[in-house]
Amino acid sequence: MQLPEYRCIKPFNKLQLLDFSYADKSDHLIVQLSCSNDKLTLTGLLPIGARLFTISRSQNCITAESFTTLPNQLSAEQVLGDVLLSIAKTKEISAVLPPGYSVKKLGETQRIIVNPKGDAIKIIIYSADTEPLSIEDRVFHYQLNIKNLRQ
């Protein structure tokens, strides 16, 4: 799936805790998500502050620097893609979905990406103030839970 356009209207810098479950295992990862000048950067950190990876997206170019693999074989690119899907607008996501795929909104707290058969392939849950709380990927069978530590 192609990644949607994302325009950084208001620069931000967030420190987040990602809890992820994959293949009956779970783990935690601290990430710093920042956006400025239309560049979205996700940096994975160990609790002591050492970098595991840095991945950035600017326009249609993705650059990645990895110092180790993520636990449970979850790739940094997949995490960035899911984070981008969770913060992009519905129309931006719809514009890059393959034919037959669509985005459904259930109120203001849930967005579902469905395949041509109508099966949910990604479910994104939001807080009342539209901050992403969780992303479930039903194709690759993992879930990310997001907790903001600092904004």
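**Notebook: strands, hairpin and core**

I began with the pairing of E1 and E2, which run antiparallel and are joined by 11 bridges. Two strands count as paired if DSSP finds at least two bridges between them. The model I examined is predicted; local features need pLDDT of at least 70, side-chain atom pairs count only at pLDDT 80 or more, and totals for chains, interfaces and linings use all residues. Residues are numbered from 1 along each chain as its sequence is written, and side-chain values use heavy atoms, with hydrogens and water left out.

I then looked up the turn: E1 and E2 form a hairpin with two residues between them, and Ala23 in that turn has a positive phi of about 50 degrees. Along the pair, I found Leu17 opposite Ile30 in E2.

Next I listed the elements. The chain holds two helices and 10 strands, in the order β-β-β-β-β-α-α-β-β-β-β-β from the N terminus. Helices (H or I, at least four residues) and strands (E, at least two) are DSSP runs, numbered from the N terminus.

Which residues have the most contacts inside the largest nonpolar core? I noted Leu29, Leu40, Leu42, Phe53, Ile93 and Ile113, in a core of 30 residues. Such a core is a set of buried Ala, Val, Leu, Ile, Met, Phe, Trp, Tyr and Cys residues joined through side-chain atoms within 4.5 Å. Elements giving two or more residues to this core include E1 (12-22), E2 (25-36) and H1 (76-87). H1 gives the most, with six residues.

Lastly, I recorded that buried residues (under 20% relative accessible area, 1.4 Å probe, protein chains only) make up 42% of the 151 residues in the chain.

Technical notes: Buried means under 20% relative accessible area, exposed over 50%, partly exposed in between (1.4 Å probe, protein chains only).
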